[in-house]
Amino acid sequence: MTGLALLLEQLPALQVVLPLLAAPVCVLLRRPNLVWALSCLTSLGCLGIALTLARQIYPHGVISYAMGGWAPPFGIEYRLDELSVFMLVVVSLAASLVLIGARQSIQREIPADRIHLLYAAVLLMLTGSLGIISTGDAFNLFVFLEIASLSTYALVAMGRQRRALVAAFQYLVLGTIGGTFILIGVGLLYMMTGTLNMQDMAERLPPVLHTTTALAALAFLVIGAALKLALLPLHIWLPNAYTFAPSMISALLAAISTKVAAYVLIRFVYGIYDLRWSGLNLPLNDVLALLAVAAMLFASYVAVRQQEVKRLLAWSSLAQIGYIVLGLSLATSAGLAASTLHILNHAVIKAGLFVAVAAVLFRQGGSTLQLADLAGLSRGMPWTTAAIIAGGLGLIGVPLTAGFVSKWALLQALIESGTWLYVAALLASSLLAVIYVWRIIEACTASTGDRDIQRREAPLGLQLSIWALVAMNLYLGINSSPGMRLATEASGRLLAPTAGVPL
Amino acid sequence: MSFEPASAMLLAVLLPLAGAGLIALCHRWPNLRETVTLVTAAALFANVLTLVGPVLEGIRPDLLLIEILPGLGLRLTLEPLGMLFALVASGLWIVNSVYSIGYMRGNNEQHQTGFYVCFAIALAATQLLAMSGNLLTLLIGYEVLTFSTYPLVTHKRNAEARAGGRTYLGVLLFTSIALLLPAIVAVWYLAGTIEFRDGGVLQGMVTPATATALFALFLFGTGKAALMPFHRWLPAAMVAPTPVSALLHAVAVVKAGVFTVTKVAVYIFGLDFLSVSGAAAPMLWVAVFTLLAASLVALSRDNLKARLAYSTVSQLAYIVLGASLATSMGVAGGAFHLVAHALGKITLFFCAGAIYTAMHKTQVSELDGMGRVMPFTFGAFLVASLSIIGLPPMGGTWSKWLLMSGAADAGLTIVLAVLAISSLLNIVYLLEIPMRGFLRPPAQTGGNGGIREAPLLCVAPLCLTAAGCVVLFFYPQPVLMLLDTWRLQ
Amino acid sequence: MLDAILGLFNYWIAIGLMMTGLYIVIAHTNLVKKIIGLNIFQTSVFILYISMGKIQGGTAPILAEGTLIYSNPLPHVLILTAIVVGVATTALGLALIVRIYEAYGSAEEDEIVNKDRRA
């Protein structure tokens, strides 16, 4: 066996190990620019690995990798199916595109002696996120989830205002409760099935499905995931965390954290359990759908009333999380595929918007951005304004943007399952999106009045990052066929019925 | 030019976009910028003209650009109705560009580069819409048109323009997101395709009740067709500079709306299915109501542009009515009216702009005796009014004739009566203006009695389009030939 | 009934601790006490795990003459990891509290909220 082939075989482990090793190196290097370059390279490396894995999986199916050589189900299995690779690509892509532009913004917002720590935390978050996605072991998933969460709390706390500390603390308390709930759920499942391998669990669960323990485990898992996902009404940590975190970190959080949590929820309710099991005597679909609808409408409504741009975008994220959960609650292939696709599309759109906000803040100073501060932006920073408009149109779901494709897929799934009320809710939420997006756009194009505000375009790095994300947004709006195909195959595999279990 | 028809179609969409880019680059040199606009407009029209021959021969160029989702692509197809719309929009763009230059310079408007850029993008959207091969492509053209015209509507950037722009965008986006989009997805789900096909795609796929609901969704969802109660955006859009009102709110935007309605009726529902299932019947009455109610509102408006706006709402309902009759004669009448009304209404708006540029008058009641000061403008106004009313020897005669035949075909005598009443209302609210201008004595006595027309660049286009109204009466063959090509297929 | 209470006493203890911990997290305004509550809450889960690995009469899972029944060692291993996670969380939480105290001069939630509102 040649060295290259050997390396290829180790890729599932390598893409988690790579950022894990780079993180302490960051701490040792200390030089801001060097650390930034290392982080960029690492995330680009992860992206390369993810794409390579995707190409392996596409024709050949699931990759199973025994960590440390211990065969599953005894050892920890890294199990990559279509959904996992899809998510690996989403996460590493979003991380790369955001990190490329992060250098100047971070340098401006973070004291020089802490920059290397910030990048180390980012890399740890990346480790955790990629680990969550690739592991096939439920307990291992919990550990990675906590690694990702802990680094996220630290990242939020690095915000400039003191309120960032409180936001981080609030996030820590709720995040830990969520994580512990997942831990309880995993424990109960272990009691019932005697295994920690999720694939095994799925096979051994149906006979014991009627027990209270199995149902309680599901409840704990779903609530834990919903806390990390910030699904209404468990969302209170999110607006503050997004608002007060350093600008580029908000972009990372919006693109990665909640998306990974959505992946965890999908794994729990379709990978381990299956919401369609008739033995599962719970109206969980309806509960999730109702919460999703509530999030779509309420969060959009709150977003309309915000004055601070990052907070507005945070509430908009909550509404978009509602779209994702609504799709997966349908328990149909089309619905799950729509959710999966929206995870990608929303990550790209929202990251683009947050980076654009970071660019504005870079020129403006300060750490929060009121709508009124945007006046005259279209004159001083026309390109950034164009990017904000493109992102905003994506949030609304205007044709030719990525948002339209996911909305189309979701609408189609909803109509297919005949849930007309949800269709109405989705449309109402889009209309609210029109309003809040238009408030931003109007603010950008408003005249400055008597005040004379001097602005220049953001530095090249930030622009590069913004435009890469906007280009992705538009590209996905024009050509979503490959993504949709992968999403459909992913949902097809998840929803393939387990042998001998009545649906 | 020896383009393949398919590439000429693509070029029709790309040319104005390229023009928009060039215009933006030339923003420091106004003369060069305006030259670029005119050259682009002329090139676009020439390009669209090359497509007429093939379409008359019965060829339908078809081009799949890209697949957005599996089975769901951006597709361009050109059929006679779209050909007609593309011709009208691109032809009038030339005239309108000349007029814009006169108007924008005459009134010293700000942000002129942005104005021309948005205009060119809007034209690209119009071409995309006209040549759309499926509902998705049509929707894309439709939405791009909405967003590219928003900056034009709010051109003045004051509080009033902002309020008008909000209504404009609010109504158009509300209807398209809440009604049109679900209707399209529903067709995709029910029929398995959203391609435009002869005879429609819905026949045998849906019950009459579903078809009725879908048709209502489409018609109300096409907010640009300005059926009541979704007509408010059109008067609101009148805060825009007059050339915008002229081309966009007499031609491109509103005609995009009624074109969408016609195309959906013909190629998605199919006229046979539409009449057999009775799906169009309820909407027929909505159109009739809009037609009459808007005329009555127009009567009560003193602001000239507002009156013209309500007149447009009423005239658009004619075209929707034509589609809802679900006979080929009715659709042909609607399509002809698309051309005749475009020529007539753009003339009327040109006149309104010329009056504003020369005399700074905006109210109908201020126009007493103006006809003697601006004889060309008021003469053109008279000609265009007669055309819209449908009196010979003006082009509008034919569309009324075809529409009435269509109503007779459908056996709806009451519609004949409605059309007659509406013509009377048209006479009252439109002819009042030239009558005041020519017959009443001037309000203020100090006038020196000489002729004070608007700049030549304003007056020449309006004379040209007025002449077009007359020519269309004596020489309607090109339009009728296109319509025959369509009816024979 | 008594069996249900006594036979499953380990679960009752876990549930009791869990509720106590959650109550403290929610009800107390002092940030340090919140962290303490969080710790109690996590500890209850540790107990839940460890107790389910216990087998009546089982010994430590070491190969030796004469022992046939072992307790399941896996939960213990898992909980070692979970404890590490818990310690890390606590450390981060306490560090945050120190920074909050430096910035606000208080570790009481209501006072902090008031200070932000006034600012």
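In chain B, 80% of the contacts with a separation of 6 or more join residues 24 or more positions apart. The model is predicted, and this figure, like the others below, is computed from it. The secondary structure of chain B consists of 19 helices and two strands. For 489 residues the globule rule gives a radius of gyration of 23 Å, and chain B has 21 Å, close to that value, so chain B is as compact as a globular protein of that length. The C-alpha trace of chain B spans about 70 × 55 × 45 Å along its principal axes. Of its 489 residues, 60% count as buried.

One helix of chain B can be followed in detail. Helix α7 of chain B covers residues 208–221, which is 14 residues. At 1.5 Å a residue it should span 20 Å, and the C-alpha atoms at its ends are 19 Å apart, so the two values agree. Which residues of α7(B) are buried? They are Ala211(B), Leu214(B), Phe215(B), Leu217(B), Phe218(B), Leu219(B), Phe220(B) and Gly221(B). An α-helix has 3.6 residues a turn, so residues three or four places apart point the same way. The cover over the buried residues of α7(B) includes α6 (159–191), α9 (242–269), α10 (271–277), α11 (281–300) and α12 (304–324) of chain B.

Why does Ala211(B) count as buried? There are 23 other C-beta atoms within 10 Å of its own, and the cut-off for a buried residue is 20 or more. Leaving aside residues up to four places away in sequence, Ala211(B) touches Leu202(B), Val206(B), Phe269(B), Ser277(B) and Ala279(B). Gly278(B) lies 67 residues from Ala211(B) along the chain, yet the C-alpha atoms of the two are separated by 8.6 Å.

Chain A comes next. It has 21 helices and two strands. A compact globule of 503 residues would have a radius of gyration near 23 Å, and the 22 Å of chain A agrees with this. The C-alpha trace of chain A spans about 75 × 55 × 40 Å along its principal axes. Buried residues make up 64% of the 503 residues. Among the contacts in chain A with a separation of 6 or more, 80% are between residues 24 or more positions apart.

A pair of helices shows how parts of chain A pack. Helix α4 (residues 82–100) and helix α12 (residues 247–272) of chain A have axes that come within 9 Å and cross at roughly 175°. Because angles over 145 degrees count as roughly antiparallel, α4(A) is roughly antiparallel to α12(A). On the α4(A) side, the residues that meet α12(A) are Leu83(A), Met87(A), Val90(A), Val91(A), Ala94(A), Ala95(A) and Val98(A). On the α12(A) side, the residues include Met248(A), Ala251(A), Leu252(A), Lys259(A) and Tyr263(A). The residues of this contact divide into 15 nonpolar, no polar and one charged.

Chain A also touches chain B. The contact takes 22 residues from chain A and 20 residues from chain B. On the side of chain A, the elements that give two or more residues are α18 (402–416), α19 (420–445) and α21 (481–495). The residues on that side of chain A divide into 14 nonpolar, six polar and two charged.

Chain C remains. Its secondary structure comes to five helices and zero strands, in the order α-α-α-α-α along the sequence. What radius of gyration does chain C have, and what would a compact globule of 119 residues have? Chain C has 20 Å, whereas the globule would have a value near 14 Å. The C-alpha trace of chain C spans about 70 × 35 × 10 Å along its principal axes. Of the 119 residues, 25% count as buried. Residues 24 or more positions apart account for 42% of the contacts in chain C with a separation of 6 or more.

Chain C is also in contact with chain A, through 25 residues of chain C and 21 residues of chain A. On the side of chain C, α3 (31–53), α4 (74–104) and α5 (109–118) each supply at least two residues. The most come from α4(C), which gives 13 residues. The residues on this side of chain C divide into 18 nonpolar, four polar and three charged.

Terms used
Residues are numbered from 1 along each chain as its sequence is written. Chains are lettered from A and ligands numbered from 1 in the order in which they are written. This is a predicted model: local features need pLDDT of at least 70, side-chain atom pairs count only at pLDDT 80 or more; totals for chains, interfaces and linings use all residues. Helices (H or I, at least four residues) and strands (E, at least two) are DSSP runs, numbered from the N terminus. The radius of gyration is taken over C-alpha atoms; the globule rule is 2.2 Å times the number of residues to the power 0.38. A residue is buried if 20 or more other C-beta atoms lie within 10 Å of its own, exposed if 12 or fewer, and partly exposed in between; C-beta atoms are placed from the backbone. Two residues are in contact if their C-beta atoms, placed from the backbone, lie within 7 Å. Ala, Val, Leu, Ile, Met, Phe, Trp, Tyr, Cys and Pro count as nonpolar, Asp, Glu, Lys and Arg as charged, and the others, Gly among them, as polar. The expected span of a helix is 1.5 Å times one less than its number of residues. Axes are lines fitted to C-alpha atoms, for helices over the stretch in contact, and angles run from 0 to 180 degrees between N-to-C directions. Angles under 35 degrees count as roughly parallel, over 145 as roughly antiparallel, 65 to 115 as roughly perpendicular and the rest as oblique.
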